[in-house]
Amino acid sequence: MTDSQPPAEETADADGAAGDRHVPVMLGRCVDLLAPALQREGAVYVDGTLGMGGHAEAVLERCPQARAVGIDRDPQALALAGERLARFGDRFTGVHAVSDDLPAVLADLGLARADAVLFDLGVSSLQLDEVGRGFAYRTDAPLDMRMDQTTGPTAADVLNGYDARDLERVLRDYGEERFARKIARAVVREREAQPFTGSGRLVELLHRVVPAASQRSGGHPAKRTFQALRIEVNAELTVWEQALDRALRALAVGGRIVVLSYHSLEDRLTKRGLAAGATSTAPPQMPVELPEQAPWLRLLVRGAEQADAAEVAANPRSASVRLRAAERTRATPDQAPERGRTTDRRAPHTSDQPPTTQDEVTP
């Protein structure tokens with residue numbers, strides 16, 4: 001997944017197979033980091049943001065003793081990934097859910113722990129390339145931006161329903177937009193004449209409102225606003241903070257987690273969550289660290305790794321990625337598996353079945 005916007009000529013045919021439409025980011029590095037935890041018979045790999053299944057496919061090929069559980073909130077992505085991974089039979093199970101439902105997904109499948117977990121955050125190639133989804137600002141489209149189009153408010157609902165103060169908060173906090181107040185006030189003025197329905201009109205407004213000097217130095221004037229709206233519509237940061245915490249608690253001792261982030265807000269939460277587990281809780285004045293105060297995570301990379309120049313040249317969507325990874329080194333009291341569902345947002349299905357959508361609630 002990625003937060004970068006491709007040029008129009010790079011978008012793929014909407015009817016293409018998943019393998020033809022998506023180039024997984026840092027694929028080899030991800031598999032190298034995850035594979036050591038997946039060498040036993042029945043080892044469980046969880047792809048918390050399955051997308052079109054590129055990472056899951058590589059893991060299943062590299063680790064023949066493992067099975068994969070793929071979670072995605074987007075029914076279209078889940079169906080495409082199911083077709084791509086059908087050749088693995090019952091080694092793959094796709095689940096329609098949001099990533100913070102991971103422990104309940106495992107419990108529903110009778111699994112107590114995950115041996116390896118991957119999160120590839122942000123908007124997926126499928127979502128960017130589908131013009132009608134409204135994620136890309138280079139083409140006029142309905143202002144939807146929902147990763148799961150079966151539920152929840154759209155970006156148009158946010159633009160037309162939030163007051164100026166709330167719009168400013170969304171743009172400032174989620175888009176890190178310097179001109180959040182100016183944009184919010186302009187949106188409120190324009191919607192009084194006519195509600196926003198398409199992305200083209202919003203982009204035109206942003207071209208007018210964002211100062212020309214900022215456009216020259218800061219890239220496309222819609223980039224931050226579209227990011228902010230998408231994060232608000234999908235509750236991405238709230239979901240991610242909960243998903244990371246729950247995934248770490250579901251991780252077996254010796255299990256590994258890899259996270260690919262594409263903007264500083266995601267990466268900051270990831271860094272904080274992994275650092276907390278990799279830091280001793282013993283007070284500085286204590287002469288001896290008690291076992292329960294010892295770190296329970298070991299960081300596998302120094303800082304955050306980036307895609308190399310060759311990958312960025314071949315796949316421009318990898319330019320903003322930041323990879324972090326860790327290994328669980330000991331059990332902790334909060335590691336008991338969660339039982340029961342946290343929401344009604346999913347229905348398990350095997351690789352040769354389409355996802356079943358149940359009545360859903362907004363995350």
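Helix 13 and helix 14 cross in a right-handed manner, the near helix being turned clockwise from the far one by less than a right angle. This is a predicted model, in which local features need pLDDT of at least 70 and side-chain atom pairs count only at pLDDT 80 or more, while totals for chains, interfaces and linings use all residues. Residues are numbered from 1 along each chain as its sequence is written, and side-chain values use heavy atoms, with hydrogens and water left out.

The axes of helix 13 (residues 236-250) and helix 14 (residues 264-277) come within 10 Å and cross at roughly 25°. The two helices are therefore roughly parallel to each other, a term for angles under 35 degrees. Helix 13 contributes Glu236, Leu237, Trp240, Glu241, Leu244 and Leu248 to the contact, and helix 14 contributes Leu265, Glu266, Leu269, Thr270, Arg272, Gly273 and Leu274; contact means heavy atoms within 4.5 Å. Sorted by class, seven of these residues are nonpolar, two polar and four charged.

Strand 5 (residues 251-261) is mostly covered, with nine of its eleven residues buried, that is, under 20% relative accessible area with a 1.4 Å probe, protein chains only. Strand 5 runs parallel to strand 4 (residues 114-120), and six bridges join them; strands pair if DSSP finds at least two bridges between them. Ala116 stands opposite Arg256 of strand 5. With strand 7 (residues 322-328), strand 5 pairs in the antiparallel sense, again over six bridges. There, Ser261 has Arg322 of strand 7 as its bridge partner.

Note on methods: Axes are lines fitted to C-alpha atoms, for helices over the stretch in contact, and angles run from 0 to 180 degrees between N-to-C directions. Helices (H or I, at least four residues) and strands (E, at least two) are DSSP runs, numbered from the N terminus. Angles under 35 degrees count as roughly parallel, over 145 as roughly antiparallel, 65 to 115 as roughly perpendicular and the rest as oblique. Ala, Val, Leu, Ile, Met, Phe, Trp, Tyr, Cys and Pro count as nonpolar, Asp, Glu, Lys and Arg as charged, and the others, Gly among them, as polar. Buried means under 20% relative accessible area, exposed over 50%, partly exposed in between (1.4 Å probe, protein chains only).
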